[in-house]
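Please look at the structure below with this briefing beside you.

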Amino acid sequence: MGCHAATSCLVACLFVLISGCWGQVNRLPFFTNHFFDTYLLISEDTPVGSSVTQLLARDMDNDPLVFGVSGEEASRFFAVEPDTGVVWLRQPLDRETKSEFTVEFSVSDHQGVITRKVNIQVGDVNDNAPTFHNQPYSVRIPENTPVGTPIFIVNATDPDLGAGGSVLYSFQPPSPFFTIDSARGIVTVVRELDYETTQAYQLTVNATDQDKTRPLSTLANLAIIITDVQDMDPIFINLPYSTNIYEHSPPGTTVRVITAIDQDKGRPRGIGYTIVSGNTNSIFALDYISGALTLNGLLDRENPLYSHGFILTVKGTELNDDRTPSDATVTTTFNILVIDINDNAPEFNSSEYSVAITELAQVGFALPLFIQVVDKDEGLNSMFEVYLVGNNSQHFIISPTSVQGKADIRIRVAVPLDYETVDRYDFDLFANESVPDHVGYAKVKIALINENDNRPIFSQPLYNTSLYENATVGTSVLTVLVTRKPGFIPGSVQLQHPRGPLLFAGLHQVPPTHWAPVSCCSGGTPKSGQMAGRGPGMRELFRYRLTLSRSPASGTLDENDNPPTFSKPAYFVSVVENIMAGATVLFLNATDLDRSREYGQESIIYSLEGSSQFRINARSGEITTTSLLDRETKSEYILIVRAVDGGVGHNQKTGIATVNITLLDINDNHPTWKDAPYYINLVEMTPPDSDVTTVVAVDPDLGENGTLVYSIQPPNKFYSLNSSTGKIRTTHVTLDRENPDPREAELMREIIIAVTDCGSPPLRATSSATVFVNLLDLNDNDPTFQNLPFVAEVLEGTPAGVSVYQVVAVDLDEGLNGLVSYRMQVGMPRMDFLINSSSGVVVTSAELDRERIAEYQLRVSATSTLTIRVLDVNDETPTFFPATYNVSVSEDVPREFRVVWLNCTDDDAGLNAELSYFITGGNVDGKFSVGYRDAVVRTVVSLDRETTATYTLVLEAIDNGPVGKRRTGTATVFITVLDVNDNRPIFLQSSYEASVPEDIPEGHSIMQLKATDADEGEFGRVWYRILHGNHGNNFRIHVSNGLLMRGPRPLDRERNSSHVLTVEAYNHDLGPMRSSVRVIVYVEDVNDEAPVFTQQQYSRLGLRETAGVGTSVIVVRATDRDTGDGGLVNYHILSGAEGKFEIDESTGLIITVDYLDYETKTSYLMNVSATDQAPPFNQGFCSVYVTLLNELDEAVQFSNASYEAAILENLALGTEIVRVQAYSIDNLNQITYRFDAYTSAQAKALFKIDSVTVREAGSRHSKGSP
């Protein structure tokens, strides 16, 4: 009630006071702006000096109002027109730096001040381009990276809000090999890569925000470096491979070195070379490593295996690092032509030729000999002359006499032959080359067959004699003299009367010097005759005695004394070669003057010798063909035809004629190529009309049928062809091995030749011949730059050793001729760049500085200029000159007074050199401003010397470089205003907080408090003291420097975990110019407390002895006032458990781990510890007392197994007879006794037992013994 009364009294007194002062009270103004209750939104792009709002207030007394703003930060950004309340912006806003302000505005009616705070939200404007993070961007990926694989993530953020802060990514220009996820920035492979085509990609990533009005974007470079993977098979270079080698070159001769290269250029592997096929008899050896093809044996072009050259299939295999072959291989063919040397003499097909011919053989008759001579060499090396040597060699001629390669030699009769003059010939046949010792030799033996070609000659043409008609048989009539030429065959002369049979028996030769049989053709019996002569080799005289053999009246018989005679000794016939088999070639007819059928015309039988291609009808003399003839196989046949009459033995007569059959040619053979295809080497740029090669086709036909016409089909402008000789020459069209036109390149390397004969109809070769031209390279091409003009842009600041550009030049020549070497002409800029002579990569040799050299003009190989523009990097700091300004300003200068103009320059270019100026320090209360662009410092409001005596303005000039990389230059402007001591010390922080361990030593520093006083001298010197909160004298503060330290009394977190102090900053005069700040010191735990059990002794009484294992006994609990691991407690039983109990180290629960037995031990006293879990591992202790409850678990036993007693009869009732004793180990309760249920009723009637005393007595008088 007292309280209520006091309250009532108080209210009453207050009421009286207000009532008494009503007429003098000033009513304070109040704000009417609604944004005080919500927020004020100001766009961040609001220009400095713009009005952002107007403060509206009302004063019920209609006093004049003055508006203002309080707070250092608020004053830097906002100024309030005191009279109108217009709020205008003093410094640029940047939402990304500070997105909201809490500004306290004031309104005063000169008697009182009202302040209200407003939340100012800075509205976002899309004024920030996206910013890439973690640049530069570079990634290395293997060339076999699968399509669809993400390889990199670019990350750009935009601090703007909404669409202006949403970033989309793209490539500029788009890449055919990579794509970028527009939202997430994931770069993915979209096309198969090939290191051999492109080793690196320089992609430009564009990050663009999504502002609809003015989207901003930023570019970043992404370097994707492709690493080589062994995915390319090797290739042979300098193809095609073809060469010539002379036969009999010594083994070990290098034919050519073949070269294959690994197309994987990043880390090319070595190549192993092997011959796959075509190496007949292993005649060549190919070095596995160097690719040198060498001769491995004796090479003989005339060997049929080698004569057509070799087409080797060569394989190149990439080798692993251990030189084992890999799976990457390439094959090509190597054409090797064996060039002939003159190492073979002509050879005949036989060492000796023998033939027998009739002496009647006509002039021109070809001897039936098969003579063939061959020189296995080719071309000019196979040319030789053939001739006969020997006596009378002029009797025969041979053809041909000049031979190239191979020929069939014909020996023909040159003059009439005469057995009687020369009966046999022995010749030497020579085939002779111009090279000594290259001679072919054979023997030719020709035997003449004697023919009856000489008539006997009578000594006189007419003999007259007389004879008696009665002359008897045997009478000598006449002696006939006959002479002969040498070679006359004895017995071959027969006498015959031309008009009929002779009447004489025979001729008898006289004198009988030589004898020879003579037969007479008279009808009588032939008689012997004698032949006489004058010796061998002389004319001989025959004397014959004619004797009468019969009567003159008898008839005469025909003698076979005439041989068959042909109408001509030689027949010459021509037939076309396609005459059918069985066709008639010629009819021959021989006549015989004998009259009889036995020896005359009808008896003639014809036979033919010389060729199986013909046969003769034995009777008619018709010569016919037996098979088809081919002039190209044999153009002339010489047949010997014999006509034989019906004579027998020596009496048979024969006529001989020769038949020369010449086959007439028809156009039945197609031209065939010799040595096709042709492989030749030809140097590019060969002059016009130079010989290339000669193609040769053969047509065994004759005349027009064998005349060949060559042509190039299809036409080839690079080569001309002599249609008759087959010689190929170059035309006036230049042969350029590097001609880029694939069609022309093919025409230069392949000449297709067709050939046709001139027969009717003309026949064409069944296939064309191809001349493969291996164009040998000349160094006739200048390197050609590929990516002109050479312009590179590189950021300044690029360090030495960085690749900035790759100059690419291509030389279409091959091998060393096509190897391009790059060099850079010496010049002033050269010191900053080097060029790799092999790759053309231009690298920096020094760090680039655009401000030193902005553009380089580098001459590359004296033919082109590489322009390297050094792009400006914002690496130059805006520089004020001077950097310090000292200005004195009177405190009565008006607003917008020009205090000073600052001179600042930036050596960068473009936006990097565009400067903006800000006051970043020292502008207490926002008294000054600086022109955003003109760097003029002006006053914003009137100065008050009593407010601020000096100003040290820190001005920053910020260039307009990329966000995050802008550079700042600083200048200091010292502005002096005379001052008085009217400023109180102000702490730099509105509050201070610190955390210290509770065991911090005395005097150890806790934190540094700092207060500043804008006054000068002693008035600006600050002193410190603790006003409140230091009740326990735990802290002290240095009076002059504000260092807060631990006091003489230690800290104890467990008693007080934090201390709130009030520290005052004051001047030495202890006047009103002072200020205070709250200081909170948090005491951090140190493990200095030991665990404390809730009881010093825990008891568990009456634990049943039958409690099972695992029975919970009791829970002990200890607490530790420390925190963390220092407050975490683990429990352990130190002693007394005797294996019966365990404790859970975390919960403190004690359980049984073994069976208990009261009869063994009735109680347990255990010592238990609690240990915290941090050093120094403090411990607390307690004891646990456990007693057991005895239970009926033991059997009752009698002291004796049986009791006996003897009693007298007539004992008084109640007399004790015997005392039985039972006991139990438990001994828990009193043992009671009774008779067993099986005791007889009689016994129970006579005796009773005391249930307690164990005394048995009689219940009645007993008689006799019990």
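Pro677 lies in the loop between strand S50 (672-674) and S51, where strands are DSSP runs of E with at least two residues, helices are DSSP runs of H or I with at least four residues, and both are numbered from the N terminus. The model is predicted, so that local features need pLDDT of at least 70 and side-chain atom pairs count only at pLDDT 80 or more, while totals for chains, interfaces and linings use all residues. Residues are numbered from 1 along each chain as its sequence is written, and side-chain values use heavy atoms, with hydrogens and water left out.

**Backbone features in loops**

- Ala676 and Pro677 are joined by a cis peptide bond with an omega of about -5°.
- Another cis peptide bond, also with omega about -5°, joins Gln713 and Pro714, and Pro714 sits in the loop between strand S54 (708-712) and strand S55 (719-721).
- Asn238, a residue other than glycine, has a positive phi near 60°, and it belongs to the loop between strand S19 (235-236) and strand S20 (241-246).
- Phe1177 likewise has a positive phi near 60°, and its place is the loop between S92 and strand S93 (1179-1189).
- Asn238 counts as partly exposed because its relative accessible area is 23%, given that buried means under 20%, exposed means over 50%, and partly exposed is in between, with a 1.4 Å probe and protein chains only.

**Salt bridges**

- Side chains of opposite charge can pair when their charged atoms come close.
- The count comes to 34 salt bridges, each being a side-chain nitrogen of Lys or Arg within 4 Å of a carboxyl oxygen of Asp or Glu.
- Arg412 pairs with Glu636, with their closest N and O atoms 2.3 Å apart; this bridge links distant parts of the chain, since Arg412 is in strand S34 (residues 406-413) and Glu636 is in strand S48 (residues 636-644), 224 residues apart.
- Both partners, Arg412 and Glu636, are buried.
- Arg737 and Glu738 also meet in a salt bridge, at 2.9 Å from N to O; Arg737 counts as buried because its relative accessibility is 13%, and Glu738 counts as buried because its relative accessibility is 6%.
- Lys1161 and Glu1138 form a salt bridge in which the closest N and O atoms are 3.6 Å apart; Lys1161 is partly exposed at 28% relative accessible area, whereas Glu1138 is exposed at 53%.

**A nonpolar surface patch**

- Val683, Met685, Leu776 and Leu778 form a nonpolar patch on the surface with about 270 Å² of accessible area together; areas come from the Shrake-Rupley method with a 1.4 Å probe, and for residues only the protein chains shown count as cover.
- Patches are made of residues with over 30% relative accessible area and no salt bridge, joining like charges within 9 Å and nonpolar side chains (Val, Leu, Ile, Met, Phe, Trp, Tyr) within 5 Å.
- Met685 is in the loop between strand S51 (678-683) and strand S52 (691-694), and it is partly exposed with a relative accessible area of 34%.
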